Amino acid sequence: MNALSGARQAMPGGLRGLVARAMAADLRAFVVPGLDIARAGGLDPAGAGLRLADTPRHANVLLIAGPLPPDLLKAACVVWAQMPRPRAILALGADNIAPLPAPDAIGALSQDGLAEGVATLRKAFAIGAFARNVTHFDAPALAARIEYTCPMHPEVISDEPGKCPICGMFLVEREVSGAAPAGDGDHKDHHGQGAHEHGKSAPAQAAQSDHSPHAAHGDAAVYTCPMHPEVTSDSPGSCPKCGMDLVPQDEGDAQSGHAGHSGHGGHEGHDDAQDIPGIEPHFMSMVELTEGKPASPDGLIMEWIEVPFGPFFPGLPGGLGLILTLDGDSVAEARLHGAKPIPLPSGCPVAELPERLAAAFPLTHVAMRALAHRAIAAVGGGAAAPDAAALERERIASHLNWLAGFARQMGLVRLERQGAALQRVLVGAAAADIAAAAPGLRRFLDRVRRTPLLRSKLEGLGGLTGAKGGPVARAAGTAADARAKDQAYDGLDFTPIAGGNGDALARLMQRFAEIGQSLDLIARAGTIASSRPSSPPPSTPPPRAGHGMATVETARGPATLHLTLSDGTVERAHLTTPFEDLAPLATDMVRQMELADALISIGALDLDPRRLAA
C-alpha cells in the first residue's frame, strides 16, 4: 500500500495489534469531490461502515467518488497531504488519480464497490497501521516558492524584488507554500506579530526607527537596516537580525518615515513628533496604519482579508470555488468560480457523445444524456424518444440530494439522513417503485415544511432576483420553465409552478413543490422506459454532419447544447448550463452578509459548478 507501505506480513501483536484493529474498525472518510457526487452515484458511506469527516485532519480515508478533472486532482493532493497517518485512498470509478499515489483499494462507483473497498481497507489497516516505513508524498501545490513583500504593508506582494509602491521600502524575500494565496494574511513581521487578524483588524506591530548614533562616518557611505537602524555597516550586506538588505543611510531614513513623509496630520516626518511617556518612540498611530484602507459600512476603516473556500468545502457543492473578502465577519466582496471547463476530446464520435456528456455531469447525468440525444436528433431533423418520466425521477432525486447536503450544512443530522435515504430509493427506481414510495415522501416533505427552525433560519435570508430560469427563478415569481415547450411533456398536463419572494426559504419550498409535481408527472406517464433515456433505436444511424440545438430543463434550470457534426464526429459542442446564470448573481447576493449566512445562502442555490469547454 502507498499509505501504509512497508506493512508487515503478519498481524502486529500486543498493544499495537489492539490499536491497529481499533483503527481498522474506525475508518473516517473525507469525500472528494463531495458528498453530493457520492450520493448521486448511489453511495451510502455510513451504510458501508464509514464515518464522515468534515476536514482532512480528522480523516484516515480519502474517498474518491468518480473521475476527477486535473484541477480537482491537484486540490485532492493537498487534502491527502493534510491527512494524518495511517491513511489510505479508496478510489471508486476513477481509473487514473495521478499525481495522487496509487489507490490502496479500488472499486466500481456503486454501493457494492464501496463495501468491497472498505473491507479491503480494514484488512490493510489491521496489518499495516504500524508499518516501519511509509511512502513520502509532496503535494505539487504545496511546493515552496519565493515571493517578496513589504515589511510595513504585507498586502503588497511581488514575484520579483523591488520597492513598495506605498512607502518606498525595499521588498523583502520570504518563502511561502505554493498553495498560499497572495495576501493570505499569514505574514509575520520581524517582532513575530501577525500583520493580519481574522475579524476586525487590530493595529499591526508599530514600526520603530531611531536615528543611528553612527549616522555618518566622514564622507564614506553608511548602510543601515530599514527595520533596525542601529545596525550600520560601511558596505552593503544583510541585517544580522532580520536578513533584510542594508540600504544607504539617507535612503533608509526616508523609507522608515524620518524624511519628509507628508500626509500624516500635517507632520513633515515622525522625528518632529514628541515622544509620549509609556509609548515606544515614533509609534505609528492607527490613523497612519489604516490610511488608504477601505471603509466599512459603519464608517470604520479596517483591514480586509481574503478567505478561500472550496473546492471541497463541506458546506458547498463539490468542485465549487469561493473567495470571500471579509470585513470582520461580514462579506465585503465575493468571487465565485466553477471547476475548470472539461474539454470534449477533438473528433469525438457522435455515438459516444451522450455517455461522455453524462459522465462529465454526474449530478444531472440523465438530463445531459437526454440533451445530447436530442441535439443529435435535431441535426438530422428528427426528435428523440420521450423521456419526461426519467427526467422527473432525476429531478426528485436531485432535490433530495440537495436537501441532504443543505441539512448537513446547517447541522440538521436527522434531516440529512432522511433526505439521503429517500434520495437513494429514487435513484434508478421504476415507476411502480416511485408510486409506492410517493405517500411516504409526501409526508416527509410536509413534516419538513412545518419545521420551525428552518423557517426562522431561512426566512428573509439570501434574497435573489434576476435569475432567468430554474427553481431559483421560479422561487422569485418568474414562471420560466423549458418543460412548458417540451414535446416530451405533451399530454402530461404540465404547468410551471412559481411564487415566492426569492429568499432561501422560498427556494426550499419551491423544490418541495416541484417534487410533488414530479411525482404526479411520473404517475401520468405510467412507465420509465429506460435507465438511459432517449437512446435511439439501434437501427437508426446518427447523422454525420450538420448543426442541431436542444434544450432540457434540468433540476437546476435549462441547459442548452449547440452541436456541430462533421463526418460522423463532433466538431463543436457549446453547452450553456444554469451555473453561468446564477454565479454572478450569487456574488452580489452575499455582499454585507455575515459569513455563516453567506455560506448558507450560496448552499441554498444548489449550484453545479461543472462546465464544458467549447
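The model is predicted.

Start at helix H1, which spans residues 14-25. Leu18 sits in this helix. Its relative accessible area is 53%, so Leu18 counts as exposed, the cut-off being over 50%. Leu18 also belongs to a nonpolar surface patch. Leu15 and Val19 complete that patch, and its area is about 290 Å². An α-helix has 3.6 residues a turn, so residues three or four places apart point the same way.

Next come Asp26 and Arg28. Their side chains meet in a salt bridge, with an N to O distance of 3.3 Å. How exposed are the two partners? Arg28 has a relative accessible area of 24%, which makes Arg28 partly exposed. Asp26 is partly exposed as well, at 25% relative accessibility.

Move on to helix H7, residues 353-360. Glu355 lies in H7. With a relative accessible area of 32%, Glu355 is partly exposed. Its C-alpha atom is separated by 6.3 Å from that of Arg369. Along the chain, Glu355 and Arg369 are 14 residues apart.

Helix H8 runs over residues 365-379. H8 has 15 residues. From first C-alpha to last, H8 reaches 21 Å, close to the 21 Å expected at 1.5 Å a residue. Is H8 mostly covered or mostly open? H8 is mostly covered, with 13 of its 15 residues buried. Just after H8 comes Gly381, with a positive phi of about 80 degrees.

Now take the charged surface. Arg414, Arg443, Arg447 and Arg450 form a positive surface patch. Arg414 is placed in helix H10, which covers residues 413-426. Arg414 counts as exposed because its relative accessibility is 66%, and the cut-off is over 50%.

The structure holds 24 of them. One joins the side chains of Arg474 and Asp481, at 3.3 Å from N to O. Where does this pair sit, buried or exposed? Arg474 is buried, at 0% relative accessibility. Asp481 is buried too, with a relative accessible area of 10%.

Another salt bridge pairs Arg591 with Asp588. The closest N and O atoms of Arg591 and Asp588 are 2.3 Å apart. Arg591 is partly exposed, at 38% relative accessibility. Asp588 is partly exposed, with a relative accessible area of 47%.

The last stop is helix H14, residues 504-525. H14 has 22 residues. Its reach is 31 Å from first C-alpha to last, close to the 32 Å expected at 1.5 Å a residue. Why is H14 described as largely enclosed by the rest of the structure? Because 16 of its 22 residues are buried. H14 is followed by Gly526. The phi of Gly526 is positive, near 90 degrees.

Key. Residues numbered from 1 in each chain as written. Predicted model: local features only at pLDDT ≥ 70, side-chain atom pairs only at ≥ 80, totals over all residues. Heavy atoms only, no water. Patch = residues over 30% accessible without salt bridge, like charges linked within 9 Å, V, L, I, M, F, W, Y side chains within 5 Å. Areas by Shrake-Rupley, 256 points an atom, 1.4 Å probe, with all protein chains shown as cover. Salt bridge = Lys/Arg side-chain N within 4 Å of Asp/Glu carboxyl O. Helix = DSSP H or I, 4+ residues; strand = E, 2+ residues; numbered from the N terminus. Buried < 20%, exposed > 50% of the residue type's maximum accessible area, 1.4 Å probe, protein only. Expected span 1.5 Å × (residues − 1). Lys, Arg positive; Asp, Glu negative; His and termini not counted. Charge placed at Lys NZ, Arg CZ, Asp CG, Glu CD.
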